[in-house]
Structure formats: structure tokens, C-alpha cells
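Here are a few friendly notes to read alongside the model. Take them one at a time, with the structure open beside you.

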Amino acid sequence: MFKENEFKTNLVTWFDENQREMPWRETSNPYYIWLSEVMLQQTQVKTVIDYYLRFTKRFPTIEDLSNAHEDDVLKYWEGLGYYSRARNFHTAIKEVADKFQGKVPDDPQQFADLKGVGPYTQAAVMSIAFNQPLATVDGNVFRVWSRLNNDYRDTKLQSTRKAFEQELLPYVQNESGTFNQAMMELGALICTPKAPLCLFCPVQTQCEAFEKGTVLELPVKTTKVKKRHIKQHVYIVKNENNEYLIEQRTQKLLNQMWEFPMYEAESNESIQQTLGQEISFNEKPVYTLKHQFTHITWDISVFVAESTITKNSLVLPENMTWMKLTDKASYNFPVSMTKIYNHICQSE
Ligand code: SF4
């Protein structure tokens with residue numbers, strides 16, 4: 001672990017000399033600092049500047065904003081998106097006008113109780129406006145701090161956020177606003193996600209990931225996506241010439257690939273409807289398999305028609321055709337369908 005004082009001095013000195021000019025950095029007014037933090041959520045600095053200037057011109061004080069009609073407030077937010085931010089901010093400002101005599105509370109807990117204030121906004125506004133000893137942990141800080149410590153903990157976990165906030169506490173006992181902004185600015189300008197400028201980094205000598213050559217492996221972000229399970233029924237239909245009915249997909253997933261006709265078990269569509277003919281299939285699936293995509297798992301059951309179909313008795317939809325087994329190579333089958341093909345057709 002590096003020396004705390006040296007690290008902070010290097011970082012803050014760099015920030016003093018290199019920070020970008022932003023209108024909210026010219027003010028100590030907590031209302032303006034808070035507004036900038038709300039606008040900057042999910043939005044880039046260069047987009048926010050114009051909105052911030054127009055908004056503060058139209059609603060220069062907490063009193064002006066608290067007396068404004070919501071439609072008027074939203075008009076000055078139009079184009080920034082995420083309108084719930086504007087509504088929550090407006091509500092919170094009204095609370096400040098009512099409960100705190102129009103002054104943004106400098107008590108972190110009172111501030112956190114206002115509408116729309118999460119842990120990041122709380123730490124940012126409280127530290128920048130009032131130098132309260134709270135560490136901001138946003139995407140930039142997650143990246144910088146993971147790399148500095150060669151830390152492979154998952155930054156998507158609340159426990160990691162809490163741990164980082166604790167570990168950063170020694171640095172925010174004084175000048176917390178400057179330190180927090182310096183960390184975020186380092187992440188935005190130097191310690192960038194894909195091509196960090198380590199050679200120009202003011203804290204390179206204290207960076208463990210740089211020393212170990214692991215910079216691009218960090219930060220760790222695992223996205224735990226809950227997979228959706230879809231039950232799929234696949235139907236094997238054969239004609240008197242030993243040709244199999246196949247269908248070209250029109251859905252976004254595996255678009256244009258070929259498959260044996262497949263229907264979601266819970267959908268209202270059926271192969272009988274598509275073909276306009278009653279076909280009976282064995283009741284129990286002859287084969288089952290799972291196929292995993294990033295966000296979806298298909299649980300596939302395969303059913304086989306009990307008798308062959310007379311080719312000329314069916315008028316096929318445009319995206320269906322009969323496939324000779326010898327022609328299989330000319331059709332693009334996804335993995336799941338190839339498995340079914342191998343299991344059902346090759347065993348014949
Ligand atoms: Fe980030 Fe590189 Fe600086 Fe380490 S040396 S903090 S990886 S920019």
C-alpha cells in the first residue's frame with residue numbers, strides 16, 4: 001500500500017493544474033453544485049453545461065425553483081432525458097424551501113433524506129459544498145481505486161462500494177471536495193477505461209496495477225443477468241421422400257438461420273395452424289435439450305410426427321421448405337438445431 005499523504009498530494013496538485021473548466025466549479029453555492037450533480041448523472045459534461053447555464057438563469061435561487069410549476073421546470077430539462085431526476089430534484093428543493101428555510105442542509109443525513117438523493121449525490125454535494133468527510137464512489141472512482149490497489153473485487157456489488165467508501169475515508173478528512181473531484185477527474189482524463197494514459201499519471205508510482213501489468217483487467221464488473229427460461233417445442237415432420245420440414249427464422253435472435261419448426265410452448269401459435277393441417281405427434285418428447293444464450297435459456301422438447309406427410313398436401317409458407325438429408329450442409333443451422341439433427345436424423 002502506498003503512502004497516503006504522498007498519494008493525495010500528487011493527485012490534488014495534478015488536479016489543481018489540470019482540471020477542466022466547468023461553470024459549477026466556479027461556485028460554492030450548494031444549490032448549483034447539487035443541480036450540476038443531478039444533471040451529470042448519465043449525461044456528459046459537454047451536454048450539461050448549456051442546460052446548467054440556462055437552468056440557473058431561469059431559476060437562480062432555491063426560492064425561484066420551489067415556486068416554479070413542474071411543467072416549466074421540465075421545459076428547461078427537455079432533451080436531457082431521465083425526467084424523474086428533474087421531478088425528484090424539484091420536489092427536494094421544495095422540501096428545502098419548506099423545512100430548511102431555503103438553505104441546503106449541511107448535515108449528510110438530513111440531506112440524504114431528501115427526494116432522489118442517493119449515496120453518490122450525498123457524498124458529492126456534501127463534500128464539494130461543505131467539505132463533509134464523505135468519499136464519492138462513481139464509475140471513475142471504482143476504476144481508479146481498483147487499479148491503484150490491484151483490487152479484483154466485483155465493483156457491481158454493494159459490499160465493494162461500501163468497502164471503497166471506507167478505504168477512501170482517510171483521504172477525505174479534510175479538503176474532501178477537492179480530493180473527490182480529483183479522483184473523478186483522474187478517471188475521466190487519465191485513468192480511462194480502454195486506453196489509460198499511465199505515462200502521464202500523477203500517481204503512477206503508487207499504482208499496483210501499473211506495476212503488475214494488470215491495468216486493463218480492472219475494474220472487475222460482473223453483470224449478473226437473471227436468465228429468462230423459455231420452453232420451446234420443436235416439431236419434426238417428414239414427407240414421403242424422406243425430406244424434413246425446416247423453417248428460416250425471421251426473429252432478431254439467430255435471424256435468417258434455419259431450424260426445424262419451433263414454437264414457444266406458451267404461445268398461441270402452433271404448427272397445425274401454420275400448415276393448416278392436423279398432424280399428430282407423439283405425446284412425450286423424444287429428445288430434450290437446453291440451449292444457453294447470454295440472457296435466455298431455451299428448454300427445448302422435440303416431438304416427431306407419427307406418420308409421414310404427403311408433400312403435395314401442404315402449401316408451405318414462404319420461409320419453410322423441405323430439406324433432403326444430403327442437402328443439410330447448404331442450410332445454416334444454429335447449434336441447438338444441429339444437435340437435434342444429429343440426434344433425430346442421423347440415427348435413421
Ligand atoms: Fe490509472 Fe495507469 Fe494511473 Fe494506475 S498508473 S492510476 S492505471 S492511469
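1. Which residues of the largest nonpolar core touch the most other members? They are Tyr31, Trp34, Met39, Phe55 and Phe89, in a core of 32 residues. A nonpolar core is a set of buried Ala, Val, Leu, Ile, Met, Phe, Trp, Tyr and Cys residues joined through side-chain atoms within 4.5 Å; buried means under 20% relative accessible area (1.4 Å probe, protein chains only).

2. A word on the source: this is a predicted model, where local features need pLDDT of at least 70, side-chain atom pairs count only at pLDDT 80 or more, and totals for chains, interfaces and linings use all residues. Residues are numbered from 1 along each chain as its sequence is written, and side-chain values use heavy atoms, leaving out hydrogens and water.

3. Now look at Phe89. Beyond its neighbours within four places in sequence, Phe89 is in contact (heavy atoms within 4.5 Å) with Tyr31, Trp34, Leu35, Val38, Phe55 and Leu65. There is also a second, separate core of 31 residues, with Leu168, Tyr171, Met184 and Leu218 among them.

4. Five of its six residues are buried, so β2 is largely enclosed by the rest of the structure.

5. What does β2 pair with? Strands pair if DSSP finds at least two bridges between them. β2 pairs with β7 (residues 320-324) in the antiparallel sense over five bridges, and two bridges join β2 to antiparallel β3 (residues 258-259). Glu247 stands opposite Met320 in β7, and its bridge partner in β3 is Glu259.

How values were computed: Buried means under 20% relative accessible area, exposed over 50%, partly exposed in between (1.4 Å probe, protein chains only). Helices (H or I, at least four residues) and strands (E, at least two) are DSSP runs, numbered from the N terminus.
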